[in-house]
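Please keep the sequence and the structure in view while reading.

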Amino acid sequence: MSQDWLLVETLGAEPVVVAEGVHTRDLIPINRHLRRNPHLMAIQTAISETVRGGTGLSSITPKSDRVIRTEVVQMSDGVIHGVHIWLGSVDVEPPPRPLVGPLIWDLTDGTATDTTESLRVGGWDPNREALQGRAFVDDLPRRDLNPYEAKVLGVMIKPEPGVTICSTWDVNDYQGQPITVGFVSRTLLDVTDGGAERVICRAMNWRSVRDGNGIEENLLAQRILDGLAEPGMHRALVDPAKWTLLKWLDEPPPFFDWRVGLRSAKVIHPQDRDVTAAMAQQFANGPASGVVRLADRDGAWTPVHVTVHRVELDDGVLAGLAVLRAPTPEETAEVEQREQRPPRPLTGWRRGR
């Protein structure tokens, strides 16, 4: 075992190593990672006692020649996501412990709950970001798609318990500086206080480094997305079942309040519901497009041209690629004519699946 802190994720049947110092490790069972370490049993005991007690500890190995120190990585709801562990000589202080941030994604309602640590590690300004009720689109960086992120988005679109992902991403922080972030997640079935079941994703992040040559970026999905990039267009990936935003690929458009959501009754003008219904029918067989009035930040309505394409992120995982732009004068004139029509009952985009 090196002199670095070892980060183990403890939500599964056995602890798995996800980071060694700042280096990401791909969910290696602790007994395999330390199979030649004579203190393996003592380390496993320390991890179990730390999780059970909910606090870090310091213990001496049986031969009294080493000290084991642990610290918990605990979510704001009290659940321990992982344990940091260090093994060293009794007369040596451990190195500074890397910051680790626990977080939760509620895959059922599409919101994220962060901690101050997870925001700081992820490159966000914790003094300006909310900890609860954040949309997925806020937690994911605005940039191209990498293979591991495609898997994360696939979990959001098809939430199933028992899926684990461990990866390293290169992003820019809120000051524009490049950083590398390690990330591990595990989907679990959770029961709310009211007895309802939901699928959640418990995760941890930490500052990491890129080992080797990096991951292959040549995704078919990314090539499709790149082909649809144009000036004045604002592209976003959306969940084709709920039509919630998952990730901006460009900077978000300034002309409507996108945080309300693309399908919410509060964001779409009531007189444009027939347009969304027609787009639902179009999407069943191919791309769908139309001009709808969306709520802007001042509470008024602004027309936006929306085209939604199908894109396969992973095997059997389809997402919607929404491309938004300002309408042409002719399209704006057509929208103004709708004011003479009575509103129709809301029909969901789900029909297009």
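Strand β7, which covers residues 100-106, and strand β12, which covers residues 197-207, pair in the antiparallel sense over seven bridges. Within β12, Arg202 stands opposite Ile104. The model discussed here is a predicted one.

In general, the strands of a sheet pair through backbone hydrogen bonds, in either a parallel or an antiparallel manner.

## The six-stranded sheet

Strands β7 and β12 belong to an open sheet of six strands, whose order is β9-β8-β7-β12-β11-β10. The pairing in this sheet is antiparallel. At its edges lie β9 (134-135) and β10 (164-172), each of which pairs on one side only.

## A hairpin

Strand β2 (residues 16-20) pairs with strand β3 (residues 23-29) in the antiparallel sense, and four bridges join them. Ala19 has Thr24 in β3 as its bridge partner.

The hairpin of β2 and β3 has two residues between the strands. In this hairpin, Gly21 takes a positive phi near 65 degrees.

Empty space left among atoms can be shown by rolling over them a probe the size of a water molecule. In this model, the count comes to three cavities of 30 Å³ or more.

The second largest cavity holds about 50 Å³ of space. Its lining consists of Leu107, Asp109, Gly110, Phe136, Met156, Asp239, Lys242, Thr244 and Leu246. Of the residues in the lining of this second largest cavity, four are nonpolar, two are polar and three are charged.

Notes. Residues are numbered from 1 along each chain as its sequence is written. This is a predicted model: local features need pLDDT of at least 70, side-chain atom pairs count only at pLDDT 80 or more; totals for chains, interfaces and linings use all residues. Side-chain values use heavy atoms; hydrogens and water are left out. Two strands pair if DSSP finds at least two bridges between them. On a 1 Å grid over the protein atoms alone, a cavity is a set of points where a 1.4 Å probe fits but cannot get out, and a pocket is an open set with protein on both sides within 12 Å along at least five of seven lines; lining residues have an atom within 4 Å of a point. Grid points are joined across faces, edges and corners, and a volume is the space filled by probe spheres set on the points. Ala, Val, Leu, Ile, Met, Phe, Trp, Tyr, Cys and Pro count as nonpolar, Asp, Glu, Lys and Arg as charged, and the others, Gly among them, as polar.
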